[in-house]
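Hello,

Here is the structure I promised to pass on to you. Have a look at it first, and then read on for what turned up in it.

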Amino acid sequence: YARYTKAIDEVEYAMRLAPLSNLSKAKEMFKDLLIDFPSFLEASLMLAKIYKSEVDIEKEFETYKNAYKYDSENYLLKYELANLYLHKVGDKQKGMELFHECVEKFPTIANNWSSLGIACLMNKELETANMCFNTAIAIDPENLYAKLGIGVVHFERGEFLEAKKHYKACI
């Protein structure tokens with residue numbers, strides 16, 4: 001944990017220098033830590049966040065995938081991987097499967113339902129998407145993704161006036 005703490009300190013120091021922050025030293029510290037302790041989840045999460053801040057999707061994805069091998073029940077890993085599969089990697093089916101697991105694990109989190117709805121939309125499963133968005137709104141009536149998602153479902157069905165109504169409600 002001492003090495004992890006030093007790496008966290010390096011991140012904090014670099015962030016204080018923002019917007020010119022250079023996280024390369026912290027990144028190397030986390031990578032070295034993961035060589036010795038590959039199942040150290042917190043180090044993996046921090047390294048993935050650094051890659052995300054650098055917009056290095058491939059390394060972010062690989063970091064999450066490696067961590068997932070050691071803790072496939074971790075909700076945060078599952079959710080982040082689902083987003084990456086769906087929006088960056090292009091494996092819509094895998095993204096949908098992981099979001100479905102997130103919903104099963106935490107069915108009272110509206111974002112899980114709206115994310116699953118988006119995955120269903122991307123897989124052209126309109127009825128399931130609509131059900132997911134309505135469930136998200138039942139949990140959190142202000143969930144913008146769900147509100148927009150319902151509009152998209154109507155648009156995809158060719159119900160343009162109804163879609164427009166839902167879009168306007170989001171403004």
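Let me begin with a term: a salt bridge is a side-chain nitrogen of Lys or Arg within 4 Å of a carboxyl oxygen of Asp or Glu. Please keep in mind that this is a predicted model, where local features need pLDDT of at least 70 and side-chain atom pairs count only at pLDDT 80 or more, while totals for chains, interfaces and linings use all residues. Residues are numbered from 1 along each chain as its sequence is written, and side-chain values use heavy atoms, with hydrogens and water left out.

**Salt bridges**

By this rule there are 12 salt bridges. One of them joins Glu159 and Arg157, whose closest N and O atoms are 3.9 Å apart. Both residues also belong to a network of salt bridges that includes Glu127. How accessible are they? Partly exposed means a relative accessible area between the limits for buried (under 20%) and exposed (over 50%), with a 1.4 Å probe and protein chains only. Glu159 is partly exposed at 33%, and Arg157 is partly exposed at 30%.

Another salt bridge pairs Glu54 with Lys27, with 3.1 Å between the closest N and O atoms. This pair links distant parts of the chain, 27 residues apart: Glu54 sits in the loop between H3 and H4, and Lys27 in helix H2. (Helices are DSSP runs of H or I with at least four residues, and strands are runs of E with at least two, numbered from the N terminus.) Lys27 is buried, at 14% relative accessible area, whereas Glu54 is partly exposed at 35%.

Within helix H2, Lys31 and Glu28 lie 3 residues apart, about one turn of the helix. Their side chains form a salt bridge of 3.2 Å, N to O.

**The largest pocket**

On a 1 Å grid over the protein atoms alone, a pocket is an open set of points where a 1.4 Å probe fits, with protein on both sides within 12 Å along at least five of seven lines; lining residues have an atom within 4 Å of a point. The largest pocket holds about 200 Å³ of space, the volume being the space filled by probe spheres set on the points, which are joined across faces, edges and corners.

Which helix gives the most to the lining of this pocket? H4 does, with 6 residues. Helices H2 (24–36), H3 (41–53) and H4 (57–70) each supply at least two. Among the lining residues are Lys31, Tyr51 and Tyr70.

Enjoy exploring!
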